[in-house]
Amino acid sequence: MSYSTWSDTLMSMISSFMESTDNRGLSNNNARTLFYVISPESLRLRTQTFTYYHEDDSWNASDYDRPTLPYTEPLTYRPQDLLQAICDAAEADAAFAARYGLQETAGAELPEQFRYQISVASVSWRPADVLIAPTRTYSIDHPSDYTAIQTSPTGTMKIGYSTVTANYYPDTYARSGRVREVLHYLQHEDYAALLGDAADVLQERDADAAALLLQAQAEAEDADAYLAMTDEEDWRPEAVDALAAQLTEGLDSDLEKALAIEQYFGNGEYLYDMAYQKAPGENVEDFLLTTHRGVCWEYATAMTLLCRSAGLPARCAVGYNMGERYDNRIRFTDGEEWNTNFVIKARDAHAFPEVYIAGYGWVSFEPTIAADALEENGTAENLNVMRWGFVMLALALIVLVIWLMMPMIREKLFRSRLQKLTPVEAASAIFCRMRKTMRLPESTTVNELADASAPFFAEQVLYTQLDERLYSSDAGQQSAEAAAAYIRWDEAHKRYVKEQKRLARERRKAERRAKKA
């Protein structure tokens, strides 16, 4: 799978598996609904994993990457039971505990790990012959095909569905309190041997726990073989090895190493950028050393290779990031009804790493900073939208301030302009402005203006000045007296208007009190 076409290719993998990712992708509508889901939590769901990374930034699959239906995964143990068996072995045999540094875990009681269930209904043009499920799925219930009647805000319609229900253990358990403390003491280098020795310790005390430990040992040995295979076949630049060594220096447990690598991409140097166009030949080395820009493909690829370099089996998974809430009801023709709470659309296509953690098994991680730290506002495109949004908001505030200040600005400009006018022009301008301020008709005379202004301004000098300049043939010399009188009139009018508004508010309050009484 190549960077430029991975999301389109992902769509085609819903109906068939491919040996590698290439340019044979399908164009798709990013808003198209692919699945309706009933789930207890937001999840990363995978449809395919890829094993071998190449210098041209493509991935190839192997026999390890085929979670097809019917589901045949033999490793169905609960991680809590595995960890508890290790702790019990450490308590039962002090020598075993000392050999693997497990003294602090001896007899630890772990919190309950609940079994969760997710049901997925795929629309008929995306047949569910490929498993879409969480990382730690342990069983699949009754994959079926239905014709259903979907009820939505726009009405009802018949739709064909392929449905599958997956039972799984949540990855969040590995990161929780006491569980994380126990995982702190487990590392991949001696994990398979630890499991074998723990099984020997418990063989006589708890045969079921011993059998579980041996099953986990087979899984661990399989993961070792997977890591050896990828170490031999991968293209892995020296930059990856150097950075992995730097990020995991001083760390021992698998979980600590994986978390350190996952959290590295949130250091502020990396940017999730949907608009970024990779130059020909760019690959994970360019991403880590220079560009620091990309989408989930870049982050998943980088973390997968960094984990492998740190000695952790890891694989690049593709699927969907399920996070969009959508309450909907589907009524199937056999009478069954689903009240879905999530929807998956084509735009939710996602790439993420899965890492094998000693003491737990395969766990999905999320190094893509847009998924957690930036969420929906994390892409460069959205960040630009945010920036422009702030710019537009600032401009809007500036416009609002200017609009609120315009009366004052216009008044200052008017008063300044009066000084440049002839006495007649100044009188005419003042009279027109006073008339408009009072909202009087154009036929208003100076005497009518004086009568209208009487409640708040009684200085006759202003009206005398206006009368002389407007109606006398001898206007006299220009004087600042009329302008000064107008300014006093304008300020008195503003005080009067403010007082009238206050009195009106008090009247309304009194009327409301009277009505209540």
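How many helices and strands does the secondary structure of the protein come to? And what pairs with strand 1?

Analyst: The secondary structure comes to 15 helices and 14 strands. Both are DSSP runs numbered from the N terminus: helices are H or I with at least four residues, strands are E with at least two.

A word on the basis. This is a predicted model, in which local features need pLDDT of at least 70, side-chain atom pairs count only at pLDDT 80 or more, and totals for chains, interfaces and linings use all residues. Residues are numbered from 1 along each chain as its sequence is written, and side-chain values use heavy atoms, with hydrogens and water left out.

Now strand 1. It covers residues 33-38 and pairs with strand 12 (residues 337-345) in the antiparallel sense, over 4 bridges. Two strands pair if DSSP finds at least two bridges between them. F35 has I344 of strand 12 as its bridge partner.

Strand 1 also pairs with strand 5 (residues 116-123), again antiparallel and over 4 bridges. Here V37 stands opposite V120, and I38 faces S119. Strand 5 is largely enclosed by the rest of the structure, because 6 of its 8 residues are buried. Buried means under 20% relative accessible area, exposed over 50%, and partly exposed in between (1.4 Å probe, protein chains only).

Next, the whole protein. Of its 517 residues, 49% count as buried. Contact means heavy atoms within 4.5 Å. Among contacts between residues at least 6 apart in sequence, 73% join residues at least 24 apart. The protein exposes about 25400 Å², and carbon and sulfur atoms supply 50% of that. Areas come from the Shrake-Rupley method with a 1.4 Å probe; for residues, only the protein chains shown count as cover.

One surface feature involves L400, in helix 11 (residues 380-418). L400 is partly exposed, at 41% relative accessible area. It belongs to a nonpolar surface patch of about 1100 Å², whose members include F390, W403 and L413.

Last, confidence. pLDDT is the predictor's confidence in each residue, from 0 to 100. The mean is 82, and 81% of residues reach 70 or more. Over residues 1-28, pLDDT stays under 50, and the model has 97 contacts beyond four places in sequence for them. Residues 371-382 also stay under 50, with 20 such contacts.

Definitions and conventions
Patches are made of residues with over 30% relative accessible area and no salt bridge: like charges are joined within 9 Å, nonpolar side chains (Val, Leu, Ile, Met, Phe, Trp, Tyr) within 5 Å. A salt bridge is a side-chain nitrogen of Lys or Arg within 4 Å of a carboxyl oxygen of Asp or Glu.
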